[in-house]
Amino acid sequence: RILGRVASSAHGVFSSSKRRFRLKMGAAVGATGVGFGIWRHVSMAEEVGLEGKNGFVMRAHAETTPEKKPKMGSEKPTVVIIGMRGAGKTTLSSAAGSSLGLRVIDVDYEIEQDVKTDIKVFIHKYGWKAFRDTETRVFKRVLYENPTGAIIACGGGIVVTPENRRILKQQPRVVEIVRHIEDIVAYLELDKTRPAYAIQSTRNTYAERIPWFDECAKWHFVIGKGDRNWKSTEEDFAALLRLIQNGRLTSGRFR
């Protein structure tokens, strides 16, 4: 049964639906013209084929029952979440973990448990270098303790340290959450609990880290500018992680 049509171009495959997904050419299976929530009751595409020069047709069939949630401690590789401070990593990871039955580990929380104080106080007392060293040590431990069945949400500056970037590039599943810089700035202006950046402004920090995020992540989940429908965003993010965990998508940028 033909469920939807997507148009192709030199830059990728674009959905005819209004959902936020966009696939690079060569990615396995992507957006359709149907609501993304329907995918919970529809099996992945049996066949993707060219239809002339104008696009692709995706064919799929309905399953008799919805897909079961993975059990806690699933043998599927852990997913690591990266992205700028204020992008929504903790919020979306928590929602996806609940939906998919995966443990959720927040690296910043693990750091605070390790140093017995909150991050802002630790940085004020010992400085950013001590924090980054601690972050790397805790990140390695968390990865070692949770190789499968988990979502690990990292702090926004995890990519600053070359050693962390090397580790991230070795992980099989790393997803970046991308949020528009104006939305990030607006959010952080209201959140006074986080430590101030060492030197640069939020915008300059964002610009500096973009290449590192791109270097480390295979998948990029993009939240549209001004999008405040977090319920829909949480559902889409969980659905994307489900596809990644099932090995249906090899890489790509998704809206």
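Mentor: Helix 6 passes helix 7 in a right-handed crossing. Keep in mind that this is a predicted model.

Trainee: At what angle do the axes of helix 6 and helix 7 cross?

Mentor: Roughly 135 degrees, and the axes come within 10 Å. Helix 6 covers residues 181-190 and helix 7 covers residues 202-216. An angle over 145 degrees would count as roughly antiparallel, so helix 6 and helix 7 are classed as oblique to each other.

Trainee: Which residues in helix 6 and helix 7 meet?

Mentor: From helix 6, Ile 181, Glu 182, Ile 184, Val 185 and Leu 188; from helix 7, Thr 202, Arg 203 and Tyr 206. By class, that contact has five nonpolar, one polar and two charged residues.

Trainee: And helix 5 with helix 7, what is the angle there?

Mentor: About 30 degrees, with the axes 8 Å apart. Angles under 35 degrees count as roughly parallel, so helix 5 and helix 7 get that label. Arg 165, Leu 168 and Lys 169 in helix 5 meet Trp 212, Glu 215 and Cys 216 in helix 7. The contact of helix 5 with helix 7 has three nonpolar, no polar and three charged residues.

Trainee: Leu 168, then. Is it buried or exposed?

Mentor: Leu 168 has 0% relative accessibility, so it counts as buried. The residue is in helix 5, residues 162-170.

Trainee: What does Leu 168 touch, leaving out residues up to four places away in sequence?

Mentor: Val 80, Ile 82, Phe 139, Ile 158, Val 159, Val 174 and Cys 216. Ile 81 is 87 residues from Leu 168 along the chain, and their C-alpha atoms are separated by 9.9 Å.

Trainee: Phe 139 is on that list. How do helix 4 and helix 5 cross?

Mentor: Their axes come within 10 Å and cross at roughly 20 degrees. That angle is why helix 4 and helix 5 are called roughly parallel to each other. The crossing of helix 4 and helix 5 is left-handed. On the helix 4 side the contact is made by Glu 135, Thr 136, Phe 139, Lys 140 and Leu 143, and on the helix 5 side by Glu 163, Asn 164, Ile 167 and Leu 168. Those residues divide into four nonpolar, two polar and three charged.

Trainee: Which residues of helix 4 are buried?

Mentor: Phe 131, Arg 132, Thr 134, Glu 135, Thr 136, Val 138, Phe 139, Val 142 and Leu 143.

Trainee: How far apart are the end C-alpha atoms of helix 4, and what should the helix span?

Mentor: They are 25 Å apart. At 1.5 Å a residue, the 18 residues of helix 4, 128-145, should span 26 Å, so the two values agree.

Trainee: Switching to helix 8. What does that check give for its span?

Mentor: The 16 residues of helix 8, 230-245, should span 22 Å at 1.5 Å a residue, and the end C-alpha atoms are 22 Å apart, which agrees.

Trainee: How many residues of helix 8 are buried?

Mentor: 12 of the 16, so helix 8 is largely enclosed by the rest of the structure. Among them are Ser 232, Asp 236, Phe 237, Arg 242 and Gln 245.

Trainee: What do the buried residues of helix 8 pack against?

Mentor: Helix 1 (89-100) and several strands: strand 6 (79-82), strand 8 (150-153), strand 9 (174-179), strand 10 (219-223) and strand 11 (252-254).

Trainee: And Asp 236, what is its relative accessibility?

Mentor: 2%, which means Asp 236 counts as buried. Asp 236 and Ala 96 are 140 residues apart in sequence, yet 9.2 Å apart in space, C-alpha to C-alpha.

Trainee: What follows helix 8?

Mentor: Gly 247, whose phi is positive, near 75 degrees.

Trainee: Which residue other than glycine has a positive phi?

Mentor: Lys 116 is one of them, with phi near 65 degrees. Most residues other than glycine have a negative phi. Lys 116 lies in the loop between helix 2 (107-115) and helix 3 (119-126), and its relative accessible area is 70%, so it is exposed.

Trainee: Last one. How many helices and strands does the chain have?

Mentor: Eight helices and 11 strands. Of the 255 residues of the chain, 48% count as buried. Among contacts with a separation of 6 or more, 74% are between residues 24 or more positions apart.

How values were computed. Residues are numbered from 1 along each chain as its sequence is written. This is a predicted model: local features need pLDDT of at least 70, side-chain atom pairs count only at pLDDT 80 or more; totals for chains, interfaces and linings use all residues. Side-chain values use heavy atoms; hydrogens and water are left out. Helices (H or I, at least four residues) and strands (E, at least two) are DSSP runs, numbered from the N terminus. The expected span of a helix is 1.5 Å times one less than its number of residues. Buried means under 20% relative accessible area, exposed over 50%, partly exposed in between (1.4 Å probe, protein chains only). Axes are lines fitted to C-alpha atoms, for helices over the stretch in contact, and angles run from 0 to 180 degrees between N-to-C directions. Angles under 35 degrees count as roughly parallel, over 145 as roughly antiparallel, 65 to 115 as roughly perpendicular and the rest as oblique. A crossing is left-handed if the near helix is turned anticlockwise from the far one by less than a right angle, and right-handed if clockwise. Contact means heavy atoms within 4.5 Å. Ala, Val, Leu, Ile, Met, Phe, Trp, Tyr, Cys and Pro count as nonpolar, Asp, Glu, Lys and Arg as charged, and the others, Gly among them, as polar.
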